Amino acid sequence: MFFTRSFSYQSSLTREDLKRRLIGKHVKIHNLDFEVMEDEEDDELAIVPHAEQEESIKTLPITSVRMADDNGKTKVTIKSEMRKLDMGGPILILIACTVLFIVSAVLHYVADEPMLTYVLGGVGILILVLFMIRLQTGYFDYVRKVRHYVTSKEALG
């Protein structure tokens with residue numbers, strides 16, 4: 001989907017050592033606590049935000065860390081996805097922008113009103129740009145910092 005990010009790298013640590021360094025730890029990002037838990041069912045780690053007491057509306061990622069042995073090294077895949085709870089707003093914004101672009105394109109070919117066409121297209125672009133800036137400073141910033149936290153655990157002892 002649009003809001004899913006994946007990152008892979010090779011770790012020199014063993015799978016068990018990397019798990020030991022991550023499981024049960026907490027990381028604070030923008031005064032929000034993320035906990036690293038083991039998902040026994042899928043044999044991966046999950047980094048989940050604790051947003052129960054959060055009163056402001058935030059779009060937060062749930063990150064899964066999958067580790068596989070690869071010739072004495074460990075291949076680590078970090079995949080961040082938007083929580084299902086948070087997905088409604090961004091999807092509605094994308095649908096609204098798409099509708100504005102479609103209406104603008106139809107009016108461009110059907111109506112003799114170029115000003116309305118350009119205004120609708122411009123509003124759609126403005127909303128999309130502001131939305132992407134908001135995502136980059138919010139949701140994707142969380143994704144980058146969680147990824148950095150996981151990759152930095154290799155260097156720390």
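Residues count from 1 along each chain as its sequence is written. Because the model is predicted, local features need pLDDT of at least 70 and side-chain atom pairs count only at pLDDT 80 or more, while totals for chains, interfaces and linings use all residues; side-chain values use heavy atoms, leaving out hydrogens and water.

Let's start with the sheet. Six strands form an open sheet in the order β1-β6-β5-β4-β3-β2, with antiparallel pairing. Strands here are DSSP runs of E with at least two residues, helices are runs of H or I with at least four, and both are numbered from the N terminus. Two strands pair if DSSP finds at least two bridges between them. At the edges sit β1 and β2, each pairing on one side only. From one strand to the next, the twist averages 20 degrees.

| Strand | Residues |
|---|---|
| β1 | 5-11 |
| β2 | 26-29 |
| β5 | 61-70 |
| β6 | 73-82 |

Between β5 and β6, which run antiparallel, there are 10 bridges. One to look up is V65, whose bridge partner in β6 is I78.

Now the helices. Helix α1 (residues 15-22) lies across β1, β3, β4, β5 and β6, at about 155 degrees to β5. Such angles run from 0 to 180 degrees between N-to-C directions, with axes fitted to C-alpha atoms, for helices over the stretch in contact.

Helices α2 (residues 88-110) and α3 (residues 114-137) have axes that come within 8 Å and cross at roughly 160 degrees. That makes α2 roughly antiparallel to α3, a label for angles over 145 degrees. Residues making the contact (heavy atoms within 4.5 Å) include I93, L100 and L107 of α2 and L120, I127 and F131 of α3.

F3 and F131 pair edge-to-face (planes over 60 degrees apart), at 6.5 Å centre to centre and 90 degrees between the planes. This pair links distant parts of the chain, with F3 in the segment before β1 and F131 in helix α3, 128 residues apart.

How values were computed. Angles under 35 degrees count as roughly parallel, over 145 as roughly antiparallel, 65 to 115 as roughly perpendicular and the rest as oblique. Rings of Phe, Tyr and Trp (its six-membered ring) pair if their centres lie within 6.5 Å; planes under 30 degrees apart count as stacked, over 60 as edge-to-face and the rest as tilted.
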